[in-house]
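Please keep the sequence and the model at hand while reading.

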Amino acid sequence: MDKDRIAGSARDFAGKVESTIGGIAADARTQAAGQVREATGTAQNLYGQAKDAAREASDAAVSYAKDAYENSGDTFRDGSQVLAQKVQENPLGALLVAGGIGFALALLMTRPPSRSRYLR
């Protein structure tokens with residue numbers, strides 16, 4: 001729990017008490033000061049809650065990224081094994097796919113850059 005949440009809750013409670021005392025004593029100034037303190041405490045408490053939520057979200061993101069990094073080797077290895085198995089099952093199809101990819105890359109690399117009609 002964030003220290004702003006604790007301090008905000010304390011201010012909120014103190015403001016409620018002060019506002020109530022001002023209402024009982026019919027002192028408008030004390031009642032208004034209590035309401036201001038209560039609002040300040042509520043805002044500080046919400047700020048602390050937001051900090052806690054951000055901290056929890058960042059911790060979850062770090063944990064997720066760490067797990068993904070640790071498991072990436074296994075995923076790559078599994079993918080490589082599946083690909084090798086597919087190539088062994090259908091070598092001609094794999095050769096045609098690889099040739100098509102190579103041909104497409106060659107077209108992209110040898111094509112002259114197009115001139116934009118807006119640059120004239």
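Ile101 lies in helix α3, which covers residues 91-110. The model is a predicted one. Ile101 is classed as exposed because its relative accessibility is 51%, and the cut-off for that class is over 50%.

Ile101 is also one member of a nonpolar surface patch, together with Val97, Leu105, Leu108 and Met109.

## Asp52 in helix α2

Helix α2 spans residues 28-89, and Asp52 is located in it. Is Asp52 buried or exposed? Its relative accessibility is 7%, so Asp52 counts as buried; the limit for this class is under 20%.

The side chain of Asp52 makes a polar contact with the side chain of Arg55, at 2.9 Å.

## Gly22 in helix α1

Gly22 belongs to helix α1, residues 3-24. With a relative accessible area of 0%, Gly22 is buried. Which residues does Gly22 touch, once neighbours within four places in sequence are set aside? The contacts are with Asp27, Thr30 and Gln31.

Glu56 is 34 residues away from Gly22 in sequence. In space, the C-alpha atoms of Gly22 and Glu56 are separated by 40 Å.

## Fold and dimensions

The protein chain contains three helices and zero strands. Read from the N terminus, the order of elements is α-α-α.

How does the radius of gyration of the protein chain stand against that of a compact globule of 120 residues? The globule would be near 14 Å, whereas the protein chain has 33 Å. Along the principal axes, the C-alpha atoms occupy a box of roughly 95 × 50 × 15 Å.

## Burial, contacts and surface

Buried residues make up 12% of the 120 in the protein chain. Asp52 and Gly22 are both classed as buried.

What share of the contacts between residues at least 6 apart in sequence joins residues at least 24 apart? In the protein chain, that share is 61%.

The accessible surface of the protein chain amounts to about 9,900 Å². Carbon and sulfur atoms account for 62% of this surface.

Terms used:
Residues are numbered from 1 along each chain as its sequence is written. This is a predicted model: local features need pLDDT of at least 70, side-chain atom pairs count only at pLDDT 80 or more; totals for chains, interfaces and linings use all residues. Side-chain values use heavy atoms; hydrogens and water are left out. Patches are made of residues with over 30% relative accessible area and no salt bridge: like charges are joined within 9 Å, nonpolar side chains (Val, Leu, Ile, Met, Phe, Trp, Tyr) within 5 Å. Accessible areas come from the Shrake-Rupley method with a 1.4 Å probe; for residues, only the protein chains shown count as cover. A salt bridge is a side-chain nitrogen of Lys or Arg within 4 Å of a carboxyl oxygen of Asp or Glu. Helices (H or I, at least four residues) and strands (E, at least two) are DSSP runs, numbered from the N terminus. Buried means under 20% relative accessible area, exposed over 50%, partly exposed in between (1.4 Å probe, protein chains only). A polar contact is a pair of N or O atoms within 3.5 Å; within protein, one must be able to donate a hydrogen and the other to accept it, and residues adjacent in sequence count only if both atoms are side-chain atoms. The radius of gyration is taken over C-alpha atoms; the globule rule is 2.2 Å times the number of residues to the power 0.38. Contact means heavy atoms within 4.5 Å.
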